[in-house]
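Morning, everyone. I have one structure to show you today, and I will keep it short. Please bring it up on your screens.

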Amino acid sequence: MLKIGAHLIADVIAHARADHPDEACGVIAGPAGSQVPTRFIPMVNAARSPTFYEFDSRDLLALYREMDDLDEEPIVIYHSHTATEAYPSRTDIALAGEPGAHYLLVSTRDEGAGVGTSDTDVEIRSFRIVDGVVTEEPVEIVPMA
Amino acid sequence: MSIEVRIPTILRPYTDGAKQVEATGDTLAAVIADLDARHVGLRDRLVEDGALRRFINVYLNDEDVRFLGGIDTPVADGDSITILPAVAGG
């Protein structure tokens with residue numbers, strides 16, 4: 001299960017909407033070993049694409065150095081699908097490189113259809129992706145402390 | 001001659017869980033060959049058809065080796081190599 005603060009979900013949704021129709025991506029870091037996501041880190045999608053995302057390689061190194069310095073881990077890796085459901089694509093599964101992370105997907109496919117004005121229009125789902133095996137998990141959204 | 005190599009979580013099964021290992025070599029290719037001799041199978045996760053895999057990032061000190069000489073990038077004693085899988089998908 002992924003337990004995550006409502007403010008962090010709001011941050012992810014805002015980022016996904018801002019970058020729509022391109023995919024948005026980023027990390028929510030947290031203390032190493034804690035399983036608690038605390039620090040929202042939106043990343044640039046270097047691919048600037050509606051069907052692909054990739055962190056810029058220099059940004060990636062800076063991100064991992066910073067997390068290391070702060071004794072943090074990427075607890076959540078998020079990205080948006082802008083025309084399809086919030087379920088890992090074949091590419092997502094093939095490239096998943098953090099077996100300990102929660103892969104959070106949001107879908108903004110209903111954006112621009114005259115709806116998309118409330119958070120309930122954005123589908124949010126979370127998965128573990130380990131060795132090519134996808135396991136969906138419940139998302140518990142908790143109020144900000 | 002010793003080069004420090006930082007190993008990402010997903011490849012730590014090859015290094016008995018170590019986050020950082022030492023290797024020797026005067027190019028990235030030689031360092032990877034040395035790593036593979038000590039941690040069998042690692043090379044295949046990094047290299048395909050003689051070049052670095054597209055979705056594996058390797059940094060020499062602060063620079064992505066794609067902007068240096070790729071797998072033929074020269075390395076020297078005291079350099080630090082960081083391996084990170086791309087964070088990417090579709």
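Let's start where strand meets strand across the two chains. β4 of chain A pairs with strand β8 of chain B, residues 88-89. The pairing is antiparallel, over two bridges. Look for Tyr53(A): opposite this residue stands Gly89(B), in β8(B). One caution before we go on: this is a predicted model.

Now the wider interface. How many residues of chain A are in contact with chain B? The count is 24, and they meet 21 residues of chain B. Between them, the two chains bury about 1,900 Å². Carbon and sulfur atoms account for 54% of that area.

On to the polar side. There are 13 residue pairs in polar contact between chain A and chain B, both residues at pLDDT 80 or more. Which elements of chain A give two or more residues to the side that touches chain B? They are β4 (53-54), α2 (57-69), β5 (72-81) and α3 (90-95). α2(A) provides the largest share, with seven residues. By type, that side of chain A splits into ten nonpolar, seven polar and seven charged residues.

Charges also meet across the two chains. The count of salt bridges between chain A and chain B is five. Here is one to find on screen: Arg65(A) with Asp62(B), side chain to side chain, at 2.4 Å from N to O.

Next, the sheet in chain B. It is open and has five strands. Read the order as β2-β1-β7-β5-β6, with mixed pairing.

Strand β5 of chain B, residues 56-60, pairs with β6(B) in the antiparallel sense, over two bridges. There, Leu60(B) stands opposite Glu63(B).

What packs on this sheet from chain A? α2(A) does, touching β1 (3-6), β5, β6 and β7 (80-85) of chain B. The direction of α2(A) makes about 105° with that of β7(B).

Helix α1 of chain B, residues 28-38, lies across β1, β2, β5 and β7 of chain B. This helix runs at about 115° to β2(B).

That's my tour. Thank you.

Notes. Residues are numbered from 1 along each chain as its sequence is written. Chains are lettered from A and ligands numbered from 1 in the order in which they are written. This is a predicted model: local features need pLDDT of at least 70, side-chain atom pairs count only at pLDDT 80 or more; totals for chains, interfaces and linings use all residues. Side-chain values use heavy atoms; hydrogens and water are left out. Contact means heavy atoms within 4.5 Å. Buried area is the accessible area (1.4 Å probe) that two parts lose on being put together, summed over both. A salt bridge is a side-chain nitrogen of Lys or Arg within 4 Å of a carboxyl oxygen of Asp or Glu. A polar contact is a pair of N or O atoms within 3.5 Å; within protein, one must be able to donate a hydrogen and the other to accept it, and residues adjacent in sequence count only if both atoms are side-chain atoms. Helices (H or I, at least four residues) and strands (E, at least two) are DSSP runs, numbered from the N terminus. Ala, Val, Leu, Ile, Met, Phe, Trp, Tyr, Cys and Pro count as nonpolar, Asp, Glu, Lys and Arg as charged, and the others, Gly among them, as polar. Two strands pair if DSSP finds at least two bridges between them. Axes are lines fitted to C-alpha atoms, for helices over the stretch in contact, and angles run from 0 to 180 degrees between N-to-C directions.
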